[in-house]
Every structure is written in structure tokens, then in C-alpha cells.
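Subject: A structure for you to explore

Hello,

I am handing over a structure for you to look at. Have it open while you read on, and I will take you through what was found in it.

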Amino acid sequence: MIVAVVVILVLIILGLIFYNITIHKKIQKFKNMNQRITNLYVVQDFMNAIGETSTVENKIKKINDILIERYEIKYSTIVIFDGTEYQVKASNVDQKHWDALRSLHNLDMFKDSIESATPKYVTVNNENEKLPYQQMEFGRAKSAIFFPLYIDNVYIGYWIIESGTPHDFDNVDTTVLEVIKENIVSVLKTVVHQKTLESIVRKDVFTGLYSEEYLYGEGKQIIDQYTISTICMFKIINIQQINKEYCRELGNKVITQISNYIKENISSEYVFIRYMGPKFVIAFSGVEANGVADFLNEIKEKIEDMPIQLTEQEIEELNLDAKVKNKTNKNQNMIATPKLNFVISSYYKGTGLEEVLKKLEEYLDHANVNESDITNI
């Protein structure tokens with residue numbers, strides 16, 4: 001009888017052990033599934049951040065905020081090497097500590113991590129200690145993981161997460177953190193092109209207008225505040241003739257007077273740039289094509305009725321050569337009358353602005369040399 005009871009108890013215990021193992025596996029499976037779902041949400045948030053109409057700097061900050069919120073990270077800092085120096089691109093750490101955070105690559109404890117492209121975990125054993133890299137702080141961080149960042153095997157900086165608790169990352173799932181790190185790299189890789197465009201934006205010497213690249217960065221932020229806008233490109237079709245018949249200096253004055261007139265007569269909400277040579281672009285943010293027709297007609301008439309010539313003072317100041325001076329003196333009525341050809345098209349937020357511009361430019365380049373109209377394509 002006792003033997004039977006013992007056997008039953010053993011079977012019950014074995015059953016409970018098997019049940020507990022099964023439950024543990026299900027819980028672990030649920031945790032893994034929940035983690036994968038979280039990762040998917042984070043990736044989606046990353047993609048949304050990339051698609052936002054903001055600068056590269058703001059996108060990186062948004063990504064860091066997503067990491068902190070989704071994974072409940074105490075401190076997260078992304079440091080990027082821009083080719084000349086290390087810069088803190090995003091961090092929720094007080095700015096007074098940034099000098100220490102952007103100098104971590106100089107420490108031996110992290111140099112090996114950078115050279116081997118592997119994470120480095122550092123921690124203290126009690127509350128009275130501080131991490132080796134902390135210079136003017138004691139209570140903020142007690143454990144940290146350092147991740148070197150690479151794009152196509154090229155080192156670009158690092159990501160460091162910190163906690164105020166000793167040994168807080170002892171049992172962290174490093175595979176999840178590696179996935180997060182790779183997502184950060186993917187985002188940084190995606191925004192490299194935008195950063196390049198932002199850094200090469202220049203102002204035209206004659207007109208003071210931004211160059212074409214401005215449209216794809218800061219200009220696009222302004223335009224994409226609206227669902228639909230109208231993009232207008234116009235060309236001074238007789239600028240070469242003015243340069244040839246009179247002089248290049250008069251051609252330059254034609255360009256500056258036209259650009260100044262338009263700058264003075266358009267809203268600050270609109271984007272006006274010198275696209276290339278005699279071509280200019282006006283982006284009418286939030287305005288549909290039929291809403292700009294009358295305005296463009298008026299602008300066109302005013303400009304084409306605008307007599308432009310060099311004054312005697314300008315001729316002296318420009319130090320024109322004798323041939324041009326003689327030509328000017330012989331013909332006191334050397335007046336340039338600009339002729340413009342306009343083409344407009346609708347632009348919808350989220351679509352390719354560069355494709356719209358390409359279409360407009362192709363139209364102007366292939367239009368009849370004498371065409372001087374406002375065309376909607």
C-alpha cells in the first residue's frame with residue numbers, strides 16, 4: 001500500500017515537473033514572440049522616422065527616443081565620427097557629460113571593442129564605485145554596453161546604453177541588442193545621402209538664392225507640410241542672346257533683377273531657388289496649380305516689360321574691357337528685355353520631388369526656342 005502511494009506521488013511529482021517545463025517553454029516562447037513583435041514595431045517606427053520630413057540630425061534623435069521608449073533604456077547615446085571629429089548626434093544624457101561620451105574611443109577599454117567590432121560590457125559592483133570613463137559624475141551610470149558601429153565594414157562611431165544599477169545588463173538578451181544596433185546602422189546608412197545633400201547646399205553668388213540641393217533637404221520640409229503643392233520651373237530663354245549681343249555683365253544683371261523681383265513678390269512660405277544656369281524653381285507650398293496661374297501670368301508680364309541696362313557707374317565699377325565699353329558708348333540704348341518660359345506641375349507629399357523637377361526640366365530643354373508660355377504638365 002505504501003509502495004503504491006509512493007509511486008503515485010512520484011508520478012504526480014514527475015507530472016508537475018513536466019507541466020512546469022511545458023509552461024516555462026510556453027512562457028519563453030511567448031516572451032520571444034513578444035520580443036519579435038516589439039522588434040517589428042521598432043523597425044516600423046524607424047522607417048516612419050526616416051520618412052519624416054526632417055533633417056538627418058532630427059531623424060537620429062527621433063530614433064534614439066524610440067529606443068529609449070520601446071526598450072525602457074535608462075540612457076542611450078549615439079556618437080558619430082564625421083570625418084574630422086566625434087559628435088554626439090543623439091542622447092538623453094545631460095549635455096554637460098557629452099565631452100566624456102564623445103571621447104570613449106580614446107579609452108583602451110573600448111579600443112579593443114572598436115578594433116574587433118564586438119560589444120563591450122562594463123559595470124561596477126556597488127553603488128560607491130563609478131565606471132572608468134566617468135569624469136565628473138558618480139551616481140548617473142553604474143553599468144553600460146558599448147557597441148561600435150560600422151557601415152560596409154567602415155567604422156563610423158558607436159552607440160552606448162547605460163543604467164544607474166550595477167550589473168543591470170548581466171542577463172540582457174544580447175541578440176536583441178545586436179538587432180537594435182543593426183537597425184541603427186541601417187537607418188544611418190539610409191540617411192547618408194540626405195546628409196550629403198544638406199552639407200553641399202550653397203547660395204548662388206549673383207542672386208543669393210539657394211542651389212538645387214536645398215529643395216531635397218530643408219526646402220522639402222517646408223513643401224511637405226502640405227499634401228499637395230505646385231512646382232514651377234521657368235527659364236530665361238534669351239539669356240545667351242543677351243550675353244552674346246551685349247555682354248555677360250548685362251546678362252548677370254538680368255538674372256539678378258529677375259530673381260530680386262520674384263523674391264520681393266512671393267510669400268515667405270514658398271521656396272524659390274536657382275535651379276541651374278538660366279533655370280529657376282518656385283515651389284508654391286500648399287497651393288494647387290489653378291491657384292498660381294494668374295499670379296504667374298502677372299509675374300511674367302511684369303518681368304518681360306522690365307527694361308534692363310547697365311548704368312555708367314556699373315560699367316566703371318565692373319571694369320569692363322575696352323571693346324565692351326566702346327560698344328556700350330556707341331549704343332546708349334543697349335537695353336535687355338528678358339523672355340521667360342514657364343512650366344508647372346503638381347507635387348504630392350511622399351512622392352518623388354526629383355522626378356517632378358526632372359520632368360519640368362526636360363520640357364523646358366526640349367521646348368521650341370521661341371516658346372514663351374505658361375504650360376501645365
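A term to start with: two strands pair if DSSP finds at least two bridges between them. With that in hand, look at S4 and strand S5 (residues 154-163), which pair in the antiparallel sense over nine bridges. One of these links sits at Ser-143, whose bridge partner in S5 is Ser-163. S4 and S5 make a hairpin, with two residues between them. In the turn you will find Asp-152, which has a positive phi of about 50°.

Why is strand S4 (residues 143-151) described as largely enclosed by the rest of the structure? The description holds because eight of its nine residues are buried.

Before going further, please keep in mind that this is a predicted model. The mean pLDDT of the chain is 79, and 76% of its residues reach 70 or more. Which elements mark the two ends of the range in mean pLDDT? Strand S8 (residues 279-284) has the highest value among the elements of the chain, at 94, while helix H11 (residues 322-330) has the lowest, at 54. Do be careful with residues 26-37, where pLDDT stays under 50. For that stretch the model has two contacts beyond four places in sequence.

Now to another sheet. This one is open and has five strands in the order S7-S8-S6-S9-S10, with mixed pairing. Its edge strands are S7 (271-276) and S10 (374-376), each of which pairs on one side only. From one strand to the next, the twist averages 25°. At the S10 end, strand S9 (residues 340-348) runs parallel to S10, and three bridges join them. Val-343 has Thr-375 in S10 as its bridge partner. Helix H8 (residues 248-265) packs on this sheet and touches strand S6 (228-236) as well as S7, S8 and S9. The direction of H8 makes about 155° with that of S6.

Finally, a word on cysteines. How many disulfides does a search of the whole structure find? The search finds zero. Cys-232 counts as buried because its relative accessible area is 0%, under the 20% cut-off. Cys-247 is also buried, with a relative accessible area of 3%.

Enjoy exploring!

Best wishes

How values were computed:
Residues numbered from 1 in each chain as written. Predicted model: local features only at pLDDT ≥ 70, side-chain atom pairs only at ≥ 80, totals over all residues. Heavy atoms only, no water. pLDDT = per-residue confidence, 0-100. Helix = DSSP H or I, 4+ residues; strand = E, 2+ residues; numbered from the N terminus. Contact = heavy atoms within 4.5 Å. Disulfide = S-S within 2.5 Å. Buried < 20%, exposed > 50% of the residue type's maximum accessible area, 1.4 Å probe, protein only. Axes fitted to C-alpha atoms, helices over the stretch in contact; angles between N-to-C directions.
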